Amino acid sequence: MKKLRCIAIDDEPLALEVLQRFAAKVPGITLEAVFQNPVKASQFLQEEKVDLIFLDIQMPDLTGMQFLETLSEKPLVIFTTAYSQYAVDSYNLDAVDYLLKPIVFDRFVKAVNKAQEVWQAKNAQRDIPGRGESLVNGEEYLFIKSDTRFFKVNYGDILFIEGMRDYIAVHTPKQRILTLMSMTKMLERLPSADFMRVHKSYIIGIHHINLIQNNRVIIAGKEIPISNSYKEAFLKFVENR
């Protein structure tokens, strides 16, 4: 199993000491550097590639969430904070996990194990034959867990996927399936030639687009917004089709 290259960012020196001590005991990660200043961490990331960031949320000048938004390439993130009210926000930012201070070792290990699983799943997608090719015309499908049930859904039946705070909703012509999953994880399970993220809350099935107009995509009568952060890539994709 690959050792994840990590950094930690926290304005509290004692919190960084705890993370360093815990990281030294876990064979699956290497803590490359620690930072009290997120700006210096940003400079480090311009020159070095890491797999995982332990990131404090409440910091002066720049919060952890604001810092994450500044990164063009986002590593996996485990948020660390003394405030439990940020849990939902961290999930919406596709964080791997959320550690509440004071951090205990067994909870730290659990978060690291989860990060390794996510990293392996993300990189395994790159090695799947046909990844990036259209799978809609084949017999390809995925299983989507909703509560205690697993729904078999053909890729070609997915109209769009909608982020709904703690859940996402997978819309097909016949039903809407709610599942506890991040948008990023769902996108990794979809053939990239047939699906595209156009907004932090929407992934669309390219083959189901009826109309594109005024920063909106119309699919099955539903108006879906195209956000500025995804607009350029989406329009470039459309022009090349």
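Which exposed residues does the face of H1 turned away from its buried side carry? They are Leu14, Ala24 and Lys25. The legends below refer to a predicted model.

**Figure 1. Overview of the chain.** The secondary structure of this predicted model amounts to seven helices and 15 strands. Of its 241 residues, 42% count as buried. Contacts between residues at least 6 apart in sequence join residues at least 24 apart in 53% of cases. The chain exposes about 13600 Å², and 49% of that area is supplied by carbon and sulfur atoms.

Figure 2. H1 consists of 13 residues and reaches 19 Å from its first C-alpha to its last, close to the 18 Å expected at 1.5 Å a residue. Ala15, Leu16, Leu19, Phe22 and Ala23 are buried in H1. Viewed down the helix axis, the buried residues of H1 fall within an arc of 130 degrees, so they line one face of the helix. An α-helix has 3.6 residues a turn, so residues three or four places apart point the same way. Leu14, Ala24 and Lys25 are exposed on the face of H1 turned away from the buried side.

**Figure 3. The aromatic pair Phe22 and Phe105.** The count of aromatic pairs comes to six. Phe22 belongs to helix H1 (residues 13–25) and Phe105 to helix H5 (residues 105–126), so that the pair links distant parts of the chain, 83 residues apart. Phe22 has a relative accessible area of 7% and is buried, whereas Phe105, at 32%, is partly exposed. Phe22 and Phe105 form one aromatic cluster with Phe54 and Phe108.

**Figure 4. The aromatic pair Phe160 and Tyr202.** The rings of Phe160 and Tyr202 form a tilted pair, with 6.3 Å centre to centre and 50 degrees between the planes. This pair also links distant parts of the chain: Phe160 is in strand E8 (residues 160–164) and Tyr202 in strand E12 (residues 202–205), 42 residues apart. Phe160 and Tyr202 are both buried.

**Figure 5. Lysines over aromatic rings.** Lys25 lies over the face of Phe105, at 5.4 Å from the ring centre. Lys25 is among the exposed residues of H1, and Phe105 is partly exposed. Lys152 lies over the face of Tyr141, where the distance to the ring centre is 4.2 Å.

Terms used
Residues numbered from 1 in each chain as written. Predicted model: local features only at pLDDT ≥ 70, side-chain atom pairs only at ≥ 80, totals over all residues. Heavy atoms only, no water. Phe/Tyr/Trp six-rings, centres within 6.5 Å; stacked < 30°, edge-to-face > 60°. Helix = DSSP H or I, 4+ residues; strand = E, 2+ residues; numbered from the N terminus. Buried < 20%, exposed > 50% of the residue type's maximum accessible area, 1.4 Å probe, protein only. Lys NZ or Arg CZ within 6 Å of the ring centre and 35° of its normal. Expected span 1.5 Å × (residues − 1). Arc of directions from axis to C-beta. Contact = heavy atoms within 4.5 Å. Areas by Shrake-Rupley, 256 points an atom, 1.4 Å probe, with all protein chains shown as cover.
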